[in-house]
Amino acid sequence: MTTRRGEVLVAILNNVQDMKSACEQHWYRIPVESVEKFLKQHWAPERLAFYQTKVFGNEAYAVNYYARVQNICKVYRCELFPDEALNEKSQRQYYQLKFWLCSG
């Protein structure tokens, strides 16, 4: 019997809106095409580590938050951002990873 190790996905946050979605709505998104291209053998993650880039000032260049993934579903961008005007990206598919955020 093979035991699967828990996979951790490092989510690179380079804008405040993605952090706001993580903190307030408890989800993170990743394009389905990215998973198929880069992560197929390591999918699905059990945990997320949120790496914050320079836009986060004092919290930049570090993983200050982490989460255990509770649920993953495939959704369209227009479902994630219902207030966003419909455009060429609206029908892109994403994996929506739902979780409860923890601070480090």
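Residues are numbered from 1 along each chain as its sequence is written. In this predicted model, local features need pLDDT of at least 70 and side-chain atom pairs count only at pLDDT 80 or more, while totals for chains, interfaces and linings use all residues; side-chain values use heavy atoms, with hydrogens and water left out.

**Exercise 1. Describe the largest pocket and its lining.**

Step 1. On a 1 Å grid over the protein atoms alone, a pocket is an open set of points where a 1.4 Å probe fits, with protein on both sides within 12 Å along at least five of seven lines; lining residues have an atom within 4 Å of a point.

Step 2. Take the volume, the space filled by probe spheres set on the points. The volume is about 280 Å³.

Step 3. Look at the lining. It has 14 residues, and Ile12, Tyr28, Arg29, Ile30 and Pro31 lie nearest the centre.

Step 4. Sort the lining residues. They divide into 10 nonpolar, two polar and two charged.

Step 5. Strands (E, at least two residues) and helices (H or I, at least four) are DSSP runs, numbered from the N terminus. S1, strand S2 (27-31) and helix H2 (32-39) each supply at least two lining residues.

**Exercise 2. Find the helix that gives the most to the lining of the second largest pocket.**

Step 1. This pocket has a volume of about 160 Å³.

Step 2. Its lining includes Gln17, Lys20, Trp27 and Phe81.

Step 3. Helix H1 (residues 16-25) gives the most, with five residues.

Step 4. The lining divides into four nonpolar, three polar and four charged residues.

**Exercise 3. Classify the ring pair of Trp27 and Phe81.**

Step 1. Rings of Phe, Tyr and Trp (its six-membered ring) pair if their centres lie within 6.5 Å; planes under 30 degrees apart count as stacked, over 60 as edge-to-face and the rest as tilted. The count is four aromatic pairs.

Step 2. The centres of Trp27 and Phe81 are 5.8 Å apart and the planes stand at 65°, so this pair is edge-to-face.

Step 3. Trp27 lies in strand S2 and Phe81 in the loop between helix H3 (77-80) and strand S5 (93-103), so the pair ties together parts 54 residues apart in sequence.

Key. Ala, Val, Leu, Ile, Met, Phe, Trp, Tyr, Cys and Pro count as nonpolar, Asp, Glu, Lys and Arg as charged, and the others, Gly among them, as polar.
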